[in-house]
Amino acid sequence: MLENNEDLGYCFPKEGVNAFYDAFCVPTCSKNKRGAEAFINFMHEPQVAFENCEFIYYRSPNTEVEQDEESSLYGSEVVYPTEELKTQYFKNLPQNIIELQNNLWTQVKSGKLSDENAQQDKKIYTECAVIGGVIVVVIIAKAISNAKKKKEQDLSDLYEH
């Protein structure tokens, strides 16, 4: 981005930032655990890590890459800040919250509500319809009452003249 606009800047909020790590992980169900581990080791080789960093333009956890003066990110305060930052790590949520989140997200994506939510929504819509109907009836009754009063007033004025 700086190549496109050298006036760009950055800041770290005084309130802090989230700290996180991207990671290569081997799923427990992996059919080729040794191959996955070999790939991770390969990606951590200094020259490979350097090339990967240059390609994705992203901080490398490999200290040799961080200290390599040939790196386009070498000395970048944005990527490798020297000041101590206030950071917070986001922890994994409890399993029941993850399940709830996944369930709700599935409902959102599918456009379907659970039976409980559908019943609750139906009740809310029914209550709103009843209240709306009552309001319409009151408005019509008031309009009829006002029209009758006006007609009576007009007749009263006619007889007085």
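These legends describe close-up views of a predicted model. Local features need pLDDT of at least 70 and side-chain atom pairs pLDDT 80 or more, while totals for chains, interfaces and linings use all residues. Residues are numbered from 1 along each chain as its sequence is written, and side-chain values use heavy atoms, with hydrogens and water left out.

**View A. An aromatic pair joins Phe-24 and Phe-39.** A search of the whole structure finds one aromatic pair (rings of Phe, Tyr or the six-membered ring of Trp, centres within 6.5 Å). Phe-24 and Phe-39 form this pair, with 5.5 Å centre to centre and 85° between the planes. That geometry is edge-to-face; planes over 60 degrees apart get this name, those under 30 degrees count as stacked and the rest as tilted. The two residues are 15 apart and link distant parts of the chain. Phe-24 sits in the loop between β1 (17-19) and α1 (33-44), Phe-39 in helix α1. Helices (H or I, at least four residues) and strands (E, at least two) are DSSP runs, numbered from the N terminus. Phe-24 is partly exposed at 47% relative accessible area. Phe-39 is also partly exposed, at 42%. Here buried means under 20%, exposed over 50%, and partly exposed in between, with a 1.4 Å probe and protein chains only.

**View B. Glu-37 and Lys-33 form a salt bridge.** A search of the whole structure finds one salt bridge (a side-chain nitrogen of Lys or Arg within 4 Å of a carboxyl oxygen of Asp or Glu). The closest N and O atoms of Glu-37 and Lys-33 are 3.7 Å apart. About one helical turn separates the two residues, because they are four residues apart in helix α1. Glu-37 is partly exposed, with a relative accessible area of 34%.

**View C. A nonpolar patch lies on the surface.** Phe-20, Phe-55, Ile-56 and Tyr-58 make up the patch, with about 470 Å² of accessible area together. Patch members have over 30% relative accessible area and no salt bridge; nonpolar side chains (Val, Leu, Ile, Met, Phe, Trp, Tyr) are joined within 5 Å, like charges within 9 Å. Areas come from the Shrake-Rupley method with a 1.4 Å probe. Ile-56 lies in helix α2 (residues 46-56). Ile-56 is partly exposed at 43%.

**View D. Tyr-57 has a positive phi.** The angle is about 55°, although Tyr-57 is not a glycine. Tyr-57 is found in the loop between α2 and α3.

**View E. Lys-31 is exposed.** The relative accessible area of Lys-31 is 84%. Lys-31 is placed in the loop between β1 and α1.
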